[in-house]
Amino acid sequence: MNPDEYPEIKSWTGSYTGALDSIDFLNRHCTVGMWLAFAHLMNPEFVEVRGCVLRKRSYVPGSFDEWYRRLDGDVHRIESVLNRFVVGYAIDCGGTAEEEEALGDIAQAVAHSWEAALRRAFPRKRFDVRVLDTDDGPTVLFGQVAPHVPVAPDEPWLRVVSRDATAREVDLLPASSGMTFVARLDGAAMADSDGVFEQFWDRLRFPDYFGWNWNALLDCLRDLNWLPADRYLLVIENSAQVLSGSPEDRAALFALLKQVAEHWRNPHHKPRGVGIPFTVLLVCEPGEAGADCSDVQ
């Protein structure tokens, strides 16, 4: 989102003559204390405890000890619990479309800043920084990547899991260093092509020029310059319902997604000459996994 077009900012700049923008809005409304607090959010302090790297603000000794015991000292799982930042919990908003889009953009900015801060603080470690589209809204999450985990995108592009296994669905996929963008789509809302386009447009924040057709979907998914990341993960809930009344369109959609995955994994013209993992995770009801998987691979 262009901050100059956000209603609150646009209303303020429009009340003055002259070429004012979002920076002028900040200069007028933010005190030194606000700027300092914002800088601390974007460049946080970290602590390392029993092999876990945590945001200092999230580290409470008693709570950490309880999670360490409950999760049997599993560093990856402990970090995934304690290093979550739900943007909507920190920013009071009314849930308008503009506010939801703004929260997503803020989450991306926080993730990029945290990734840089982690590299500075721990130059010998690698981290996976993710933006998850959760029921609570955009959520930033980070954790360490084990040295032996390959960064190269060589894992399968498509995975199918039963709903009863989704509590740690992100853990089912190998980690990658850098930032991961995670989008959650609802297959129950994707019964026809319009529903498919609506879900992708909404959850991956497609630009206004999206053409609402299959070619436009392919073009946007192979672009994603507005969502820069080192890895993309699409989680499709109720996946058996995706285009269930049109086998031809369903096959075409997954063929398209496979093409997108191959595009991103090809190192040609990618940053640093390294392919970018693009993975689709299908979530289905218990007992549906085999049938759900048979027609998409």
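## Contacts, core, pockets and loops

Student: Leaving aside its neighbours within four places in sequence, which residues is Leu-204 in contact with?

Tutor: Once those sequence neighbours are set aside, Leu-204 is in contact with Phe-181, Ala-183, Leu-185, Gln-199, Leu-221, Leu-224, Trp-226, Leu-227 and Leu-234, where contact means heavy atoms within 4.5 Å. Please keep in mind that this is a predicted model, in which local features need pLDDT of at least 70 and side-chain atom pairs count only at pLDDT 80 or more, while totals for chains, interfaces and linings use all residues. Residues are numbered from 1 along each chain as its sequence is written, and side-chain values use heavy atoms, with hydrogens and water left out.

Student: What does the whole chain come to in secondary structure, and how much of it is buried?

Tutor: Helices (H or I, at least four residues) and strands (E, at least two) are DSSP runs numbered from the N terminus, and here there are 11 helices and nine strands. A residue is called buried under 20% relative accessible area, exposed over 50%, and partly exposed in between (1.4 Å probe, protein chains only); by that rule, 44% of the 297 residues count as buried. Among contacts between residues at least 6 apart in sequence, 63% join residues at least 24 apart.

Student: How many residues does the largest nonpolar core have?

Tutor: As a general idea, nonpolar side chains in soluble globular proteins tend to be buried together. A nonpolar core is a set of buried Ala, Val, Leu, Ile, Met, Phe, Trp, Tyr and Cys residues joined through side-chain atoms within 4.5 Å. In this model the largest such core has 55 residues, and those with the most contacts inside it are Phe-200, Leu-204, Leu-217 and Leu-257.

Student: How much space lies in the largest pocket?

Tutor: Rolling a probe the size of a water molecule over the atoms shows where empty space is left. On a 1 Å grid over the protein atoms alone, a cavity is a set of points where a 1.4 Å probe fits but cannot get out, whereas a pocket is an open set with protein on both sides within 12 Å along at least five of seven lines, and lining residues have an atom within 4 Å of a point. Grid points are joined across faces, edges and corners, and a volume is the space filled by probe spheres set on the points. The largest pocket holds about 1400 Å³ of space. Its lining has 38 residues, of which Leu-26, Phe-38, Leu-41, Ile-91 and Ile-106 are the closest to the centre. The elements that give two or more residues to this lining include helix 1 (7-14), helix 2 (22-29) and helix 7 (97-121).

Student: How do the lining residues of the largest pocket divide, and what of those of the second largest pocket?

Tutor: Ala, Val, Leu, Ile, Met, Phe, Trp, Tyr, Cys and Pro count as nonpolar, Asp, Glu, Lys and Arg as charged, and the others, Gly among them, as polar. The lining of the largest pocket has 27 nonpolar, three polar and eight charged residues. For the second largest pocket, with about 980 Å³ of space, the closest to the centre of its 31 lining residues are Ala-97, Glu-100, Glu-101, Asp-202 and Arg-205. This second lining divides into 14 nonpolar, five polar and 12 charged residues, and its largest share, seven residues, comes from helix 7.

Student: What is phi near in Leu-224 and in Leu-243?

Tutor: Most residues other than glycine have a negative phi, and most peptide bonds are trans. Phi of Leu-224 is near 55 degrees, and phi of Leu-243 is near 50 degrees. Leu-224 is placed in the loop between helix 9 and strand 8 (231-237), and Leu-243 in the loop between strand 8 and helix 10 (247-265).

Student: How many disulfides does a search of the whole structure find?

Tutor: A disulfide is a covalent bond between the sulfur atoms of two cysteines. With a disulfide taken as a pair of cysteine sulfur atoms within 2.5 Å, the search finds zero. Cys-220 is buried at a relative accessible area of 6%, and Cys-284 is buried at 1%.
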